[in-house]
Amino acid sequence: MKISYQWIRELLPFDLPADQMADILTNTGLEVEGVEDFISVEGGLEGLVIGEVVEKQQHPNADRLSLTKVDVGSGEPLSIVCGAPNVAAKQKVVVATVGAMLYPMTGEPFKIKKGKIRGEVSEGMICAEDEIGLGEGHDGIMVLDADAQIGMPAADYFSIYRDKTIEIGLTPNRTDAISHFGVARDLRAALIHAEDLRHENVPELRLNTVHLNERATRDSPLKIRVEDPSACPRYAGLVIEGITVGPSPDWLQNRLKAIGLTPKNNVVDITNYVMHELGQPLHAFDMNQIEGNEVVIRFAKAKEVLVTLDEVERELSEEDLLICDANKAMCIAGVFGGINSGITTQSTAVFLESAVFNAVSIRKTSKRHLLHTDAAYRFERGVDPEMTIPAIQRAANLILELAGGRLTSPVMDHYPVKETRADIVVNLDRMAKLIGKEIPRPRILALLREMDFEILEQNERELRLTAPLYRRDVTREADVVEEILRIYGYNNIEMPERLHSTLSYAPSPDPEALMHKVADALVARGFHETMSNSLTKLAYAEMIGQDDHSAATAVRVRNPLSSDLGQLRQSLVFQGLEALERNFNFRQKDLAFFEFGRTYHRLDNGILETPYLALWMTGRRLPESWNNTEGRGDFYALHADLSAALNRIGVSFAAHPAAEAHPYYSQHLVLTDMNGNALGTAGLLHPDLLSAFDLDQQVSYAQLEWERLIKLAGKHSVSYAEPAKYPSVRRDLSLLLESGTDFARIQEVAFATERKLLKEVTLFDVYEGKNIEAGKKSYAMAFTLEDPAATLTDKKIDKAMQRILQALQEALGAQLRS
């Protein structure tokens, strides 16, 4: 939320620099995220002064240029070459001196330099209004009034407005501070009551909204009817006739521009001004467009439509609250106006609305129609019902002042059931424990009254009080304590001499530490971590088909912001493919991503939430280079990187061909631990799936259940051994085996047979085809043996290899190829 520094100073006339104001607001819980300068004219007319043309001559080398001498009050007149047809002697003009930056209405900014134009020296520039950002005209230079003072800075002559914009990161509960008045109220309380400030003679807040400046000329024939008071607890309106709609004065336009709003016309600008000043949204209707002299607040009818201000025809829900006349809908209440009832330059009478709408109803309507307006932002958080009348009176006074007209109706206020304040009991002993310090009772009472709390009863240790209606989040004792503490100052609570703490339980192994280890290992191997939203597209549920949780259905959002955020994801694969697609659009096609994320499935007995580690790889594994012609990021590269990363936490896995097809793999494997327990899947994603994301190259993917990996890591223990003193020996075997035999099974049999000498088994060639009988394949493997106690002899090696070969023959039917 943007706040104007000068606006706050007007409400609270207290001399306080902007940076100090920002610090105080942050300490009260209104975190200031930044302070920026605002100038009504870009550049602030720096380096521009008022001058007088004392001499004009024809340029000797150009028919359309003039040689002028201009007095700018700095001594000798400046020689300036001017091309404007209307330049003449004795004119008061705006002069850009050498070094000034100009910001024209169109085109790029440029700097004034001393130079020669057609052979004649020019020491500045006489300016037209569009060249300095003051208007659109370019027929000639600006000619000022004769009484303009020579040498006066142009910024002073044109009264350039300067301000500072304070950006506040407002939390959702602080509806009381969604206005300049609310911020000024907190600021004043802190200036008076914060322990480290304690200023005296802080003025009262200035707010001219108590009474209308004139009385209504008659009772208006217009009637207000609210069909459901629970949807609109309070509705007020009045009529002003004889107005003239036009541009707002500079002061009002500058206030709105400083907080990022674009001025429209005087009436609309006033409603926006009052909303940002007091926090109460207002709406102005063209009175001449209201039929039947009746304003009706009702819910929409089935299939009812309304064309809104953005010229979009919207089909309304029966849960949408409308502002209507006797015959038609005029506005979506609290959200957006209709195109046929808004204020235009032809409007001569206005019906001004100030209301309180049900926050839940407004929030649902805003999300349903994807209309996130400033008014809806306030209504859906809850506005102060006691500000309804002051705000409409403030706006009416400004309209009468700036648009003319006469008040032709009193304030019509429909408020059948007045909202009551929350009744809260506060125990002072408990308050002292919560704060960590006992604040004197008189200070507490004074602070509460400053913040508009009403003290109903009090005794030695307790207070019974009510919170103001604008503090809807204050409903219990702890909330009151927080209010006292944030104004008194968190920084003013001294640190105790002793700190008390309890030992906390930390799981072993620590899942967070394991996650960081795996992530660091993957990043070191060239991967980038992604973090995607758990909410995803409804269409992805249909693309998954039959997944690992066959009884599961999608967990859908009841009132989604859009169909792109309509359900909780059932797989991480799709958002990874979305990330690949975005990178492909920027011609980045050599990619490796990983993500730690959760999937969600609705089962018969509840919702299953499963954490996963997912990896995607596509394109080249290594950067293209003259000495790197291959290096594809295929499944084998993905397998190697995953294996290296999981080794960091002591987890080993095996890959086995899958027995059943998978909905989004063209080829895939099942990943298991060394005991055959499933960990996840991996493989090549199906071309049909890739085409849905416009991906035109192979993508390898793996996903593993993270909690299962954690359990395996918990069983891992690290052992250390001194380096071998004696050399290792390698022996190769070429074996013929059944096609369905896994290499992992060969390793298992070999290590079970030779536990002492066998250190490693590697596969360096697999062959099927010519000269190999059907249903068989050839494995070429290397066996590394090592004896830690002595040098291996040929006899010992041969015996070990014979035992391994015999075991493979018996267990797997292996045949030794010659």
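**Before you start.** Residues are numbered from 1 along each chain as its sequence is written, and side-chain values use heavy atoms, with hydrogens and water left out. Because the model is predicted, local features need pLDDT of at least 70 and side-chain atom pairs count only at pLDDT 80 or more, while totals for chains, interfaces and linings use all residues.

**Stop 1: the largest pocket.** A pocket is an open set of points on a 1 Å grid over the protein atoms alone, where a 1.4 Å probe fits, with protein on both sides within 12 Å along at least five of seven lines. The volume here is about 1000 Å³, counted as the space filled by probe spheres set on the points. Select Phe635, Tyr636, His639, Ala655 and Leu669. They are the closest to the centre among 38 lining residues, meaning residues with an atom within 4 Å of a point.

Next, select helix 19 (743-753). Helix 19 gives the largest share of the lining, 6 residues. Helices are DSSP runs (H or I, at least four residues), numbered from the N terminus. Now colour the lining by class: 16 nonpolar, 15 polar and 7 charged residues. Nonpolar means Ala, Val, Leu, Ile, Met, Phe, Trp, Tyr, Cys and Pro; charged means Asp, Glu, Lys and Arg; the others, Gly among them, are polar.

**Stop 2: the second largest pocket.** About 770 Å³ of space lies here. Select Val268, Thr271, Asn272, His283 and Leu309, the closest to the centre of the 31 lining residues. Then select helix 6 (266-278). Helix 6 gives the most to this lining, with 4 residues. Finish with the classes: 16 nonpolar, 12 polar and 3 charged.

Terms used:
Helices (H or I, at least four residues) and strands (E, at least two) are DSSP runs, numbered from the N terminus.
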